[in-house]
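Trainee: I would like to learn how to read the features of a structure, one by one. Where shall we begin?

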Amino acid sequence: MRLDPHRLTLWLALFTTGATYVALSPSYRQATPPVSESPWIGLPTSGMDASAPPLRELFNPDYHRGRQGDAFLELAWTCGGFRDAHDSRFPERYVAQVSDSAWGPHHDIIIDVDKDQLLFSIRSGDHSPPPPDPDANAPETITMRPVTYVRMPRSKAESIRQAWNSELLWHAPQKEDLCHDGARLKLEACIRGRYAIRSRTCDSDAHQAADSLRTAFKTLLPAPEPIYEQPVR
């Protein structure tokens, strides 16, 4: 059976017209997310998907105590929960704790993704200064942790994204040899209610990648203001 060239041309024209109509229709455009909605970094490609809050609480029933109201410490508790679903303006948040050594100062950093912009919140994560000598007449004080805010376009923070997105740093499975006597590096992410965490504090395979991320943070972000004690009025 021979194909009629005129009929074949007609069918191809009809198919092309139909495909163009579907692609340009409002429903199709609405269903196709714009590029800016894709994750800035995304979740790790390997295991340990602890998306459900009850599962995270099962890992450590005490992890949420004393952290309510502290955005730098409560991501594991709020991600995907009631507050995250109803109060958060940002469906994509990253939190990092970094230091140059086990004994040096460490920084807490929050990165909120707002379309093509990034909002950084930076503070000192170190312990509060020691209390003064006991004095019955000394005023009561509270610990103040000043937070510095920086907003920049995604394109300007590409060095942070590339360093964080390292295969050995973020995407490799979590190792079992956790410790507390190395340069701190803990990374968390909450993306549309799904939570992930990696600690590379004592991961020798990730040392170079960890140094790259620390350098990127130091280059683009200001150092946090020191913690201080303020008298209670």
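Mentor: Begin with charge. Asp70, Asp108 and Arg123 are linked in a network of salt bridges. A salt bridge here is a side-chain nitrogen of Lys or Arg within 4 Å of a carboxyl oxygen of Asp or Glu. The model is predicted: local features need pLDDT of at least 70, side-chain atom pairs count only at pLDDT 80 or more, and totals for chains, interfaces and linings use all residues. Residues are numbered from 1 along each chain as its sequence is written, and side-chain values use heavy atoms, with hydrogens and water left out.

Trainee: How many salt bridges does the structure hold?

Mentor: The general idea first: side chains of opposite charge can pair when their charged atoms come close. In this structure there are eight salt bridges. Take Arg123 and Asp70, whose side chains meet at 3.2 Å, N to O. Arg123 lies in strand β3 (residues 117-124) and Asp70 in the loop between α3 (53-59) and α4, so the pair ties together parts 53 residues apart in sequence. Helices (H or I, at least four residues) and strands (E, at least two) are DSSP runs, numbered from the N terminus.

Trainee: Are Arg123 and Asp70 buried or exposed?

Mentor: Both Arg123 and Asp70 are buried. Buried means under 20% relative accessible area, exposed over 50%, and partly exposed in between, with a 1.4 Å probe and protein chains only. Now set Lys218 and Asp100 beside them: their side chains form a salt bridge at 2.8 Å, N to O. Lys218 is in helix α8 and Asp100 in the loop between β1 (92-99) and β2 (106-114), so this pair ties together parts 118 residues apart in sequence. Both Lys218 and Asp100 are exposed.

Trainee: What separates Arg161 and Glu158 in helix α6?

Mentor: About one helical turn, because the two residues are three apart in helix α6 (residues 158-164). Arg161 is partly exposed, at 21% relative accessible area. Glu158 is partly exposed too, at 28%.

Trainee: Next, disulfides. Which residues does the disulfide join?

Mentor: In general, a disulfide is a covalent bond between the sulfur atoms of two cysteines. The rule used here asks for a pair of cysteine sulfur atoms within 2.5 Å. By this rule the count is one. The disulfide joins Cys79 to Cys190, with S to S at 2.1 Å. The link is right-handed, with 85° about the S-S bond. Its ends are in distant parts of the chain, 111 residues apart: Cys79 in the loop between α4 (75-78) and α5 (82-87), Cys190 in strand β6. Cys79 is buried at 0% relative accessible area, and Cys190 is buried at 2%.

Trainee: How does strand β6 pair with strand β7?

Mentor: Strand β6 (residues 185-191) and strand β7 (residues 194-199) pair in the antiparallel sense over six bridges. Two strands pair if DSSP finds at least two bridges between them. Cys190 stands opposite Tyr195 in β7. The hairpin has two residues between the strands, and Arg192 there takes a positive phi near 50°.

Trainee: What does Pro224 contact?

Mentor: Contact means heavy atoms within 4.5 Å. Setting aside neighbours within four places in sequence, Pro224 is in contact with His107, Ile122, Arg123 and Ser124. Pro224 sits in the loop between α8 and β8 (228-231). The C-alpha atoms of Pro224 and Arg123 are separated by 4.8 Å, though the residues are 101 apart along the chain. Pro224 is buried, at 15% relative accessible area.

Trainee: Last, the nonpolar core. Which residues have the most contacts inside the largest one?

Mentor: In soluble globular proteins, nonpolar side chains tend to be buried together. A nonpolar core here is a set of buried Ala, Val, Leu, Ile, Met, Phe, Trp, Tyr and Cys residues joined through side-chain atoms within 4.5 Å. The largest has 31 residues, and Ile111, Phe120, Trp164 and Phe217 have the most contacts inside it. Helix α8 gives the most to this core, with five residues. Not counting residues up to four places away in sequence, Phe217 touches Ala96, Val98, Ile109, Ile111, Ile160 and Trp164. Apart from this core lies another, of eight residues, including Ala76, Cys79, Val95 and Ile110.
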